[in-house]
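The following paragraphs lead the reader through a protein model, one part at a time. Please keep the sequence and the three-dimensional view at hand while reading.

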Amino acid sequence: RKKKARVSCSLPEPSWEERLANAVTPLWRLPYQEQLQVKYESQRKVLQTLASRLEELGIDAQKPGGLCCPLQPVVPSPIINGYRNKSTFSVNRGPDGNPKTVGLYVGTGRERNIVCVKADHVKNMPSKHKQVARCYEELISGSPLDSCILFHEGGHWRELVVRSSRCGHTMAIITFHPQQLGQEALATQKALLKEFFTCGPGAVCALTSLYFQESTMTRCSHEQSPYQLLHGAPHIFEELLGLKFRISPDAFFQVNTAGAEVLYQAVGELCHATGDTVLLDICCGTGTIGLSLARRVSKVIGVEVVEKAVEDAEWNAAFNGISNCEFHSGKAEAVLPQLLASWEDARPLVAVVNPSRAGLHYRVVRAIRSCRAIRRLLYISCKPEGEAMRNFLELCCPPDPRKKLAGEPFAPVVAIPFDMFPHTLHCELVLLFTR
């Protein structure tokens with residue numbers, strides 16, 4: 001008898017475009033309402049975990065559903081596709097072996113299987129960013145200089161950051177490893193870059209600002225290696241809730257502008273701010289939250305580590321005719337304890353914190369807990385299951401002399417997730433604490 005042929009049930013290998021979409025926008029295939037449900041469930045698990053951890057500390061935190069506080073539905077993003085106002089592109093080997101491919105990574109360094117895939121099809125990125133990336137690849141493809149894939153192996157062309165605004169402005173920041181190039185050779189490359197984006201094929205991008213940064217590290221701040229303006233205006237501008245904001249190359253600004261408007265309006269309502277309230281805006285970036293609420297409160301005090309962002313915040317306040325704001329430059333763990341230790345203002349003090357994924361420094365939490373005037377605190381986190389969870393526990397645990405955690409503990413009151421990142425698994429969680 002003839003043997004039956006085996007039928008293979010294996011699915012075809014996904015294309016590189018699909019692999020990239022799955023890596024950076026893992027929910028891209030789901031209808032938007034289903035994406036919101038996925039995010040709601042993930043935030044519910046965060047609140048369940050926090051409730052369990054608080055129980056371990058002897059705090060009765062179990063609410064209906066095993067949550068530490070009520071969880072509201074995920075607030076949808078007003079814009080679902082092309083919402084990002086900032087994109088970072090890498091330069092590395094593409095699937096075809098081209099070492100000057102400009103795109104996003106598929107794979108990991110640990111597995112040594114990194115491939116750089118063009119991002120033309122990625123849903124959350126606007127077409128303008130993709131256009132600048134294509135032009136940058138055209139530029140470096142025609143350059144005799146190599147791309148810098150591993151620092152010690154040489155090469156020069158590195159990252160591209162594109163920032164844009166609803167005002168129609170576009171900023172491009174090109175990172176370049178100088179290696180052993182002298183100042184004359186560097187000046188030549190900068191002149192070629194400027195020519196390409198102003199008179200050559202890159203002129204189609206109509207850049208508002210073109211920056212160049214010589215960087216010998218993975219990431220450099222402006223203080224470590226200044227951003228050099230090659231063409232155009234030093235800043236781009238954005239309008240948000242009726243205010244105009246100036247944005248520097250490395251200043252933090254919420255990546256979804258339309259979503260940020262919805263978020264900041266909700267923050268204003270949750271603050272319960274009155275005319276005599278002092279708003280403490282920790283990790284304030286360019287001052288967007290504090291300035292958007294300034295007309296509701298008597299005073300705004302912002303703290304931010306990036307000096308250029310503080311300069312932007314001060315300019316933003318002056319330009320918008322807001323005079324009741326002050327901004328402090330420096331690490332929050334250095335600035336805040338000094339600021340709050342001598343606090344004797346009788347006005348109500350509300351704190352809003354919006355830290356990076358690393359969360360708040362331990363000394364910041366300690367200073368907040370020790371300041372009796374702070375009765376209400378809003379914690380905005382883009383990764384509540386990460387280091388923010390440590391902060392939540394530090395805010396809510398009983399006083400602990402060994403950890404120098406004094407002051408009355410806070411308690412979570414309500415949690416509201418905001419979908420600032422459609423098509424991804426990420427969500428911005430606003431957690432209100434009171435005491």
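A right-handed β-α-β unit is built from strand S10, helix H6 and strand S11. S10 covers residues 278–282, H6 covers residues 288–293, and S11 covers residues 299–304. Here helices (H or I, at least four residues) and strands (E, at least two) are DSSP runs, numbered from the N terminus. A crossover is called right-handed if, with the strands pointing away from the viewer, the path from the first strand over the helix to the second runs clockwise.

The model is predicted, with local features requiring pLDDT of at least 70 and side-chain atom pairs counting only at pLDDT 80 or more, while totals for chains, interfaces and linings use all residues. Residues are numbered from 1 along each chain as its sequence is written, and side-chain values use heavy atoms, with hydrogens and water left out.

S10 and S11 pair in the parallel sense over 5 bridges; two strands pair if DSSP finds at least two bridges between them. Within this pairing, Leu279 stands opposite Val300 in S11. On S11, 5 of the 6 residues are buried, and the strand is thus described as mostly covered. Buried means under 20% relative accessible area, exposed over 50%, and partly exposed in between (1.4 Å probe, protein chains only).

S11 also pairs in the parallel sense with strand S12 (residues 325–329), again over 5 bridges. In this pairing Glu304 stands opposite Ser329 in S12. The chain passes from S11 through helix H7 (residues 307–319) to S12, and this β-α-β crossover is right-handed.

These strands belong to an open sheet of 7 strands in the order S12-S11-S10-S13-S14-S16-S15, with mixed pairing. Its edge strands are S12 and S15 (411–418), each of which pairs on one side only. Neighbouring strands of this sheet are turned by 15° against each other on average, direction ignored. Axes are lines fitted to C-alpha atoms, for helices over the stretch in contact, and angles run from 0 to 180 degrees between N-to-C directions. Further along the order, S13 (residues 349–353) and S14 (residues 374–381) pair in the parallel sense over 5 bridges, and Leu349 stands opposite Ile374 in S14.

Which strands does helix H10 lie across? H10 (residues 387–396) lies across S14, S15 and S16 (428–434), and runs at about 170° to S14. H10 is mostly covered, with 8 of its 10 residues buried; among them are Met389, Phe392 and Leu393. The cover over the buried residues of H10 includes H2, helix H9 (362–370), S14, S15 and S16.

Two packed helices are described by the angle between their axes and the distance between the axes. Helix H2 (residues 32–56) and H10 pack at an angle of about 40°, with their axes 11 Å apart. H2 is therefore oblique to H10, since angles under 35 degrees count as roughly parallel, over 145 as roughly antiparallel, 65 to 115 as roughly perpendicular and the rest as oblique. H2 passes H10 in a right-handed crossing. A crossing is left-handed if the near helix is turned anticlockwise from the far one by less than a right angle, and right-handed if clockwise. Val46, Thr49, Leu50, Arg53 and Leu54 of H2 make the contact with Met389, Phe392, Leu393 and Cys396 of H10, where contact means heavy atoms within 4.5 Å.

A second open sheet also has 7 strands, in the order S3-S2-S1-S4-S5-S6-S7, and its pairing is mixed. S3 (115–117) and S7 stand at the edges with a single partner strand each, so one side of each has no neighbour in the sheet. On average, neighbouring strands here are turned by 35° against each other, direction ignored. S6 and S7 run antiparallel and are joined by 4 bridges, and His231 in S7 is the bridge partner of Leu210. Helix H1 (residues 16–24) packs on this sheet, touching S2 (101–106) and S3, and its direction makes about 60° with that of S2.

The loop between S6 (209–214) and S7 (228–232) contains Ser225. Why does Ser225 count as buried? The reason is its relative accessibility of 10%. Ser225 and Ser215 are 10 residues apart in sequence and 6.5 Å apart in space, C-alpha to C-alpha.
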